[in-house]
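Please look over the sequence and the three-dimensional model shown here.

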Amino acid sequence: MLFSIGLSFFVFKEPKPVALGLTFGGLMSMATFLHLYRSIKRSLDRGGKAQAYAISQYIIRYLLYGATLVVAAKADYLNLWATTVGLFMVKIVIYAKNIVDYTRS
């Protein structure tokens, strides 16, 4: 995330909205990933109500993604596209790490 924020200062004319969008999206991505971890742990303890709990947590995560994109679209100081890339940041890092590990073995 820090690399892409630093790169935005060299690539864009106005890097501040891009850097803030990447930061906002990246932080929300990390928060929803942590929420996913905690909801999976809790759903394993729920027994018969695990499916309903998991679905409700799934909906909450998507609402958080939607709220993040709405805030980025309405705020002048955030770049919507950079926020969208920031939301995918955790997934990009996980895929990149797996590709690197696969190519090394």
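Predicted model: local features only at pLDDT ≥ 70, side-chain atom pairs only at ≥ 80, totals over all residues.

Residues are numbered from 1 along each chain as its sequence is written, and side-chain values use heavy atoms, with hydrogens and water left out.

**Helix α3 and its packing**

- Helix α3 covers residues 50–74, where helices (H or I, at least four residues) are DSSP runs numbered from the N terminus.
- With 25 residues, α3 reaches 36 Å from its first C-alpha to its last, close to the 36 Å expected at 1.5 Å a residue; the expected span is 1.5 Å times one less than the number of residues.
- The buried residues of α3 are Ala50, Tyr53, Gln57, Arg61, Tyr65, Thr68 and Ala72, buried meaning under 20% relative accessible area, exposed over 50% and partly exposed in between, with a 1.4 Å probe and protein chains only.
- These buried residues of α3 pack against α2 (15–44), α4 (80–87) and α5 (89–104), contact meaning heavy atoms within 4.5 Å.

**Ala72**

- Ala72 lies in helix α3 and counts as buried because its relative accessibility is 2%.
- Leaving aside residues up to four places away in sequence, Ala72 touches Leu78, Leu80 and Thr83.
- Ala72 and Ala82 are 10 residues apart in sequence, and their C-alpha atoms are 9.1 Å apart in space.

**Aromatic rings and a charge**

- Rings of Phe, Tyr and Trp (its six-membered ring) pair if their centres lie within 6.5 Å, with planes under 30 degrees apart counted as stacked, over 60 as edge-to-face and the rest as tilted; by this rule the count comes to 2 aromatic pairs.
- Tyr58 and Tyr62 form an edge-to-face pair, 5.0 Å centre to centre with 70° between the planes, and because they are 4 residues apart in helix α3, about one helical turn separates them.
- The rings of Tyr62 and Tyr65 have centres 6.0 Å apart and planes at 65°, so this pair is edge-to-face.
- Ring pairs link Tyr58, Tyr62 and Tyr65 into a cluster, in which Tyr58 is partly exposed at 45% relative accessibility, whereas Tyr65 is buried at 18%.
- The charged end of Arg46 sits over the ring of Tyr53, 4.2 Å from its centre, a placement that requires NZ of Lys or CZ of Arg within 6 Å of the ring centre and within 35 degrees of the ring normal.

Terms used. Helix = DSSP H or I, 4+ residues; strand = E, 2+ residues; numbered from the N terminus.
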